[in-house]
Amino acid sequence: MISSRLFGWLLLALPVAAIAVVNPAPQADEAERKAEVLEQVVAPDVEVTEPTEPLSEQEVQVVDPEGSDPLEEPLTCLARSIYWEAKGVAGRDMESVANVVMNRLADEAFPNTICDVVKQGSEQPPCQFSWWCDGRPDEVVEGDAYEVAKEVARLALNQELPDHTDGALYFHDRTVQPHWANEFLVTIETEAFIFYRPDVASAD
């Protein structure tokens, strides 16, 4: 059963698809360019040389419209991560997954592009995000949920998404207990996930 929050996101996303331009390619190219600049603003060790412009709802929805493009640019990598990690989950889990990716991007201990953050490790376990190394196809199978994921990704890249996780860099499904969980502080718990960040006090 679809959650009321996800249904609300869908109501917002559906009109966006309807107003996409007839020839979406130039708009998609511009959205990808903007996303790369916005990504660099967050990365701590990248110098931004271009003016930053926010992504619009229309722009993000014409990027990767079928959910099958190669994972080569920030918007697609972020949206696909949000989609696969939390597409059927109630509440703020999509947004919280986006928070973790963006928190990692901003942390010097992690790679300085979203795609490298998502793909860190390998396509075989162990990896950082389970959907990336589960051996299954990465193409989208639920278009409406992917439209929602792209809107969440847009807000995250525009730095318009509140950090619901209190700086979390890690999370896992509540049904599993990874060996590393006891090494970090729990920041929030949701119905589906538990989120963590390093214990700064114990590291001193």
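This is a predicted model: local features need pLDDT of at least 70, side-chain atom pairs count only at pLDDT 80 or more; totals for chains, interfaces and linings use all residues.

Residues are numbered from 1 along each chain as its sequence is written, and side-chain values use heavy atoms, with hydrogens and water left out.

**The whole protein**

The protein has 8 helices and 3 strands. Both kinds of element are DSSP runs numbered from the N terminus: helices are H or I with at least four residues, and strands are E with at least two. Along the sequence the order reads α-α-α-α-α-α-α-β-β-β-α.

Of the 204 residues, 48% count as buried; buried means under 20% relative accessible area, exposed means over 50%, and partly exposed lies in between (1.4 Å probe, protein chains only). The protein exposes about 10,300 Å², with carbon and sulfur atoms supplying 51% of it. These areas come from the Shrake-Rupley method with a 1.4 Å probe.

Contact means heavy atoms within 4.5 Å. Among the protein's contacts with a separation of 6 or more, 64% are between residues 24 or more positions apart.

**Two helices**

The expected span of a helix is 1.5 Å times one less than its number of residues.

| Helix | Residues | Number of residues | Expected span | Span between end C-alpha atoms |
|---|---|---|---|---|
| α2 | 25-42 | 18 residues | 26 Å | 26 Å |

How many of the 15 residues of α7 are buried? The count is 13, so α7 is largely enclosed by the rest of the structure. After α7 comes Gln 159, which has a positive phi near 55°.

In α2, the buried residues include Ala 28, Ala 31, Ala 35, Leu 38 and Val 42. An α-helix has 3.6 residues a turn, so residues three or four places apart point the same way. The buried residues of α2 pack against α3 (57-61), α4 (74-86), α5 (93-105), α6 (114-119) and α7.

**The strands**

Two strands pair if DSSP finds at least two bridges between them. Strand β1 (residues 170-173) pairs with β3 (residues 193-198) in the antiparallel sense over 4 bridges, and here His 172 stands opposite Ile 194. Strand β2 (residues 184-189) is also antiparallel to β3, over 5 bridges. Phe 184 has Pro 198 in β3 as its bridge partner, and a hairpin of 3 residues joins β2 to β3.
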